[in-house]
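Work through the exercises below with the model open. Try each task before reading its solution.

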Amino acid sequence: MLPEGAAYQQITGVFDHERRPLRARDLCLALDPPVIPRHVKGTRAKLKRLVRFGFLDETEPGLFAQPHPHAPTAPADQRS
């Protein structure tokens with residue numbers, strides 16, 4: 001379940017629209033709060049919380065993306 005707060009819905013909405021990895025600064029630009037250190041830090045904390053809840057992946061330090069569903073694979077005895 002998504003954490004409470006409109007900010008989390010806005011953040012996931014940006015990821016749904018952009019469909020690419022983003023940094024906290026990128027989200028601040030997309031969401032229109034001033035791009036100042038305290039807003040970037042707050043956004044980064046929200047992104048890390050979304051990672052803990054499984055809504056996002058941190059693909060490298062500071063870079064966040066939507067998790068990709070794993071493609072189903074055939075059992076080893078059915079592979080050609």
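This is a predicted model: local features need pLDDT of at least 70, side-chain atom pairs count only at pLDDT 80 or more; totals for chains, interfaces and linings use all residues.

Residues are numbered from 1 along each chain as its sequence is written, and side-chain values use heavy atoms, with hydrogens and water left out.

**Exercise 1. Check the length of H1.**

Step 1. The expected span is 1.5 Å times one less than the number of residues.
Step 2. H1 has 13 residues, so it should span 18 Å.
Step 3. Its end C-alpha atoms are 18 Å apart, which agrees.
Step 4. After H1 comes Arg-19, with a positive phi near 55°.

**Exercise 2. Describe how H1 and H2 cross.**

Step 1. Two packed helices are described by the angle between their axes and the distance between the axes.
Step 2. Axes are lines fitted to C-alpha atoms, for helices over the stretch in contact, and angles run from 0 to 180 degrees between N-to-C directions.
Step 3. The axes of H1 (residues 6-18) and H2 (residues 24-31) come within 11 Å and cross at roughly 100°.
Step 4. H1 and H2 are therefore roughly perpendicular (65 to 115 degrees).
Step 5. H1 brings Gln-10, Ile-11, Val-14 and Phe-15 to the contact (heavy atoms within 4.5 Å), and H2 brings Leu-27, Ala-30 and Leu-31.

**Exercise 3. Find the buried face of H1.**

Step 1. Buried means under 20% relative accessible area, exposed over 50% (1.4 Å probe, protein chains only).
Step 2. Tyr-8, Ile-11, Thr-12, Val-14 and Phe-15 are the buried residues of H1.
Step 3. Seen down the axis, they fall within an arc of 150°, so they line one face of the helix. The arc is that of the directions from the axis to the C-beta atoms.
Step 4. They pack against H2, helix H3 (37-52) and strand E2 (63-65).
Step 5. The face turned away carries the exposed residues Ala-6, Gln-9 and His-17.

**Exercise 4. Is Thr-12 buried or exposed?**

Step 1. Thr-12 lies in helix H1.
Step 2. Its relative accessibility is 19%, so Thr-12 counts as buried.
Step 3. Leaving aside neighbours within four places in sequence, Thr-12 is in contact with Leu-2, Leu-50 and Gln-66.

Note on methods: Helices (H or I, at least four residues) and strands (E, at least two) are DSSP runs, numbered from the N terminus. Angles under 35 degrees count as roughly parallel, over 145 as roughly antiparallel, 65 to 115 as roughly perpendicular and the rest as oblique.
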